[in-house]
Amino acid sequence: MAGARKLQGEIDKCFRAVNELSEQFEATWEKAENAANPNQKEKFEGELKKLIKKLQRFRENIKTWIAGTEAKAHEKQLKEYRRKIEVQMERYRDLERDAKTKAYSKEGLDRQARLDPEEQEKQEKLDWINKTMEELRVRIDLLEASIVKKKKGSKNPEADQKQQWILSHKKHIGRLE
């Protein structure tokens, strides 16, 4: 009876510790993901490694309790906590693999080719701006060519209109730049 209460106390203590470490892991994970410079990211990765080591120790305890006969009443809950730890371990493994990938290796170059959604959206907008500016430049060239062609004659109201268009296009190009 006393052994069962002691085991129950150890299991509860383990669950509280796993919950606390998981929360710390999540907070540190967010910091690592949002780190501005590589030094900060490395620091947070080191903290994550320490947290994972602690979680792995608790995972070993949980595995021994699952394998034993004393904690059969808590087996479902023990398996849930073991899985929770394993999920954190998988996330850390992926982070570590990404950190160890060399920038100019085959995997590193493939990863650079895949842009994140924000970068992709930014690139699409830049492409649209460049395309629009090029179209405006072509229109300016065409308008200037038609003005020069018709200048041989007298004062032309059409030429004034085209000159206004040219000024408008140049103003838009200036804004886009």
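Predicted model: local features only at pLDDT ≥ 70, side-chain atom pairs only at ≥ 80, totals over all residues.
As for the helix itself, α3 runs for 26 residues and spans 37 Å from first C-alpha to last, close to the 38 Å expected at 1.5 Å a residue.

## Aromatic pairs

You'll find two aromatic pairs here. Take Phe15 and Tyr81: their ring centres sit 4.0 Å apart with the planes at 10 degrees, so this pair is stacked. It ties together distant parts of the chain, since Phe15 belongs to helix α1 and Tyr81 to helix α3, 66 residues apart. Both Phe15 and Tyr81 are buried.

Phe25 and Trp29 make up another stacked pair, at 5.9 Å centre to centre and 25 degrees between the planes. This one is local: the two are four residues apart in helix α1, which means about one helical turn separates them. Residues three or four places apart in an α-helix point the same way, because a turn takes 3.6 residues. Phe25 and Trp29 are both buried.

## The largest pocket

The largest pocket comes in at about 300 Å³. Its lining is made of Trp29, Glu33, Pro38, Lys41, Glu42, Glu45, Leu95, Asp98 and Ala99. Helices α1 (2–33), α2 (38–67) and α3 (75–100) each give two or more residues to that lining, with α2 supplying the largest share, four residues.

Terms used
Residues numbered from 1 in each chain as written. Heavy atoms only, no water. 1 Å grid on protein atoms, 1.4 Å probe; cavity = no way out; pocket = protein on both sides within 12 Å on 5 of 7 lines; lining within 4 Å. Points joined across faces, edges and corners; volume = space filled by probe spheres on them. Expected span 1.5 Å × (residues − 1). Phe/Tyr/Trp six-rings, centres within 6.5 Å; stacked < 30°, edge-to-face > 60°. Buried < 20%, exposed > 50% of the residue type's maximum accessible area, 1.4 Å probe, protein only.
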